[in-house]
Amino acid sequence: MFAKLIFSDIDGTLINDDLQVMPKTRDAIRQQIIKGNIFIPASARLPKGIMMAVGQILGVCPMIAYNGALALDETGRALITRFFDAKKAAEICRYVDKQQNGSAWNIYSGYVWYCAQEKSSLIKHEEEIVNVKATPAKVDQIEKLQGVHKALIMGKPQELDRMQKELTEKFPDLSFVRSSKTLLEVVLKGVSKASAVKILAQEYKVPLENCIAFGDNYNDEEMLEEVGQPFLMGNAPDELKEKFGAGHVTLDNNHDGIAQVLAKIE
């Protein structure tokens, strides 16, 4: 098995439940870089949040942020930047506030993460996970942004199920995808990790069949379908594991699942 581009989700994939890249996984990725292969994190996180995790392995790298709405090369040059209208983002914020069900909205534009002025415990928990602080803002301020790369709604699974259906009907030009039971990601329709993977493969002149990808959830599904060598972590939902088959499932994120696969690459 041979790969030239190695794409990896971060949360639940590259890092363990203690938010660390395990030494075996770190060393396996470094070995691939030494061999001339390129490691590209592909995450729903903002760029700074990506580097908080990937910085445990290397100092600079290309990256896919915001589920594919933004992609940067190793120098920080934007290869992809796809916004949606800030007025729509503000509408989503107002919708979430009206629910009064404990859900919290987040808006990401460029390198900045905005949240409601009253920071909920959900936001504070996310700040601890990504090691980045959110900037409190009024919805009126959100409306005046030049554009929005991503919105994120945090909440209880049942409430997110309902809101996902309602918002999908309300905003047909936006894509609403779960990255976990408690997180609902919002990007412009057509934006995905898969579309970004395709563009980066072209940029680095590597056929998609020579690309490998690791993921653990539904927002990774299209990316995994796009590459020649897809691998789901052992902690992925059973439905996804059944879809891809046992040959494409590795160990979980707490047991060096990435390292297990990379060890087989010549």
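The side chain of lysine 193 makes a polar contact with the side chain of aspartate 220, at 2.5 Å. A polar contact is a pair of N or O atoms within 3.5 Å; within protein, one must be able to donate a hydrogen and the other to accept it, and residues adjacent in sequence count only if both atoms are side-chain atoms. The model is predicted: local features need pLDDT of at least 70, side-chain atom pairs count only at pLDDT 80 or more, and totals for chains, interfaces and linings use all residues. Residues are numbered from 1 along each chain as its sequence is written, and side-chain values use heavy atoms, with hydrogens and water left out.

Lysine 193 belongs to helix H8, residues 193–203; helices (H or I, at least four residues) and strands (E, at least two) are DSSP runs, numbered from the N terminus. Lysine 193 is buried, with a relative accessible area of 1%, where buried means under 20% relative accessible area, exposed over 50% and partly exposed in between (1.4 Å probe, protein chains only). Residues up to four places away in sequence not counted, lysine 193 touches Asp9, Ala42, Ser43, Ala44, Ile64, Asn67, Gly68, Asn219, Asp220 and Met223; contact means heavy atoms within 4.5 Å.

Glutamine 56 is located in the loop between H3 and E3 and is partly exposed, at 24% relative accessibility. With residues up to four places away in sequence left aside, glutamine 56 is in contact with Leu19, Gln20, Val21, Arg26 and Arg30. A polar atom of the glutamine 56 side chain lies 3.5 Å from the backbone oxygen of leucine 19. Between the C-alpha atoms of glutamine 56 and glutamate 239, which are 183 residues apart along the chain, the separation is 31 Å.

Helix H5 spans residues 121–130, and Ile123, Glu126, Glu127 and Val130 are buried in this helix. These residues lie on the same side of H5, because they cover an arc of only 105 degrees around the axis; the arc is that of the directions from the helix axis to the C-beta atoms. An α-helix has 3.6 residues a turn, so residues three or four places apart point the same way. Ser121 and Glu128, on the other side of H5, are exposed. The packing partners of the buried residues of H5 are helix H3 (47–54) and strands E6 (104–109), E7 (112–115) and E9 (150–154). At the start of H5, a side-chain oxygen of serine 120 comes to within 3.2 Å of the backbone nitrogen of leucine 122. Just after H5, asparagine 131 has a positive phi of about 60 degrees.

The model contains 3 aromatic pairs, counted where rings of Phe, Tyr and Trp (its six-membered ring) have centres within 6.5 Å; planes under 30 degrees apart count as stacked, over 60 as edge-to-face and the rest as tilted. Tyrosine 108 and tryptophan 113 form a stacked pair, with 5.8 Å from centre to centre and 20 degrees between the planes. Both residues are buried, tyrosine 108 with a relative accessible area of 3% and tryptophan 113 with 2%. Tyr66, Tyr108 and Trp113 are linked into a cluster by ring pairs. Lysine 150 is placed over the face of tyrosine 108, 4.5 Å from the ring centre; a charge sits over a ring if NZ of Lys or CZ of Arg is within 6 Å of the ring centre and within 35 degrees of the ring normal.

Tyrosine 66 is part of the loop between strand E3 (63–65) and strand E4 (70–72) and is buried, at 0% relative accessibility. Although not a glycine, tyrosine 66 has a positive phi of about 50 degrees. Most residues other than glycine have a negative phi, and most peptide bonds are trans. Aspartate 256 also has a positive phi, near 55 degrees. This aspartate 256 lies in the loop between helix H10 (238–244) and helix H11 (257–262) and is buried, with a relative accessible area of 12%.

The count of disulfides is 0, a disulfide being a pair of cysteine sulfur atoms within 2.5 Å. The sulfur of cysteine 61 has its closest cysteine sulfur in cysteine 211, 15 Å away, which is too far for a bond. Cysteine 61 is buried at 4% relative accessibility, and cysteine 211 is buried with a relative accessible area of 0%.
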